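I opened this notebook to record what I looked up in one structure. The entries follow the order in which I made them.

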Amino acid sequence: MQYNSKERTFEISVRIFTDDFEKALSQETNTKVHLSGSPGGPNDKNDPLIEKYIRSHFAYVNSQKQTKVIEYVGNEVEADANWIYLEMPYAEPFKGGVLKQNALMELFDDQVNMVNIQYQGQKKTFVFKKNQPVQDVSF
């Protein structure tokens, strides 16, 4: 998560190994999902699946208890991983809040997700595990 002060938005990039992500999407939809071809393009039939999955596993609530809107931008395949791009408009000063990042935790008990947040020259890393899928984040 990197804050773009000019656009007043957090630009979010989520990297998930393709084989694990295919398993998660296949389990969720009860059909075999393949994430190859032209991801992120206008004909990417997996975009709605990817957007639905990431929305259910990644969320942010600010310090005023408001769930922030997260916009799905797209995805792309890079070697053995998928990148999912999101934007979260954020006009007010970042005072922290609660972040949920539990992607793949329904599949793997030992899943560990790291989130780097960059805001006004500062960077913090938060680690999410099955017993800690939601955390307070602040600077």
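Entry 1: I took contact to mean heavy atoms within 4.5 Å. The model is predicted, so that local features need pLDDT of at least 70 and side-chain atom pairs count only at pLDDT 80 or more, while totals for chains, interfaces and linings use all residues. Residues are numbered from 1 along each chain as its sequence is written, and side-chain values use heavy atoms, with hydrogens and water left out.

I found Asn102 in the loop between strand E6 (97-101) and E7. Helices (H or I, at least four residues) and strands (E, at least two) are DSSP runs, numbered from the N terminus. Leaving aside neighbours within four places in sequence, Asn102 is in contact with Ser56, His57, Asn113 and Pro133. With His57, the side chain of Asn102 forms a polar contact of 2.9 Å. A polar contact is a pair of N or O atoms within 3.5 Å; within protein, one must be able to donate a hydrogen and the other to accept it, and residues adjacent in sequence count only if both atoms are side-chain atoms.

Is Asn102 buried or exposed? I noted that Asn102 is buried, because its relative accessible area is 18%. Buried means under 20% relative accessible area, exposed over 50%, and partly exposed in between (1.4 Å probe, protein chains only).

**Entry 2: helix H1 and Ser26.** I turned next to H1, which has 12 residues and reaches 16 Å from its first C-alpha to its last, close to the 16 Å expected at 1.5 Å a residue. The expected span is 1.5 Å times one less than the number of residues. The buried residues of H1 are Thr18, Asp20, Phe21, Glu22, Ala24, Leu25 and Ser26. They pack against E2, helix H2 (47-57), strand E4 (71-78) and strand E5 (81-89).

Ser26 counts as buried because its relative accessibility is 13%. Not counting residues up to four places away in sequence, Ser26 touches Thr31, Lys32 and Val33. A polar atom of the Ser26 side chain lies 2.9 Å from the backbone nitrogen of Val33.

Entry 3: Most residues other than glycine have a negative phi. Asn30 is exposed, because its relative accessible area is 71%. Arg8, in the loop between strand E1 (2-4) and E2, also has a positive phi, near 55 degrees. Arg8 counts as partly exposed because its relative accessibility is 46%.

**Entry 4: Ala79.** I located Ala79 in the loop between E4 and E5. Ala79 is exposed, with a relative accessible area of 74%. The C-alpha atoms of Ala79 and Thr18 are separated by 8.7 Å, although the two residues are 61 residues apart along the chain.

**Entry 5: the largest pocket.** A pocket is an open set of points on a 1 Å grid over the protein atoms alone, where a 1.4 Å probe fits, with protein on both sides within 12 Å along at least five of seven lines; lining residues have an atom within 4 Å of a point.

I recorded 23 lining residues for the largest pocket, with Ser13, Val14, Arg15, Met114 and Val115 nearest its centre. Strand E2 (9-17) and strand E7 (112-119) each supply at least two residues of this lining. E2 gives the most, with 7 residues.
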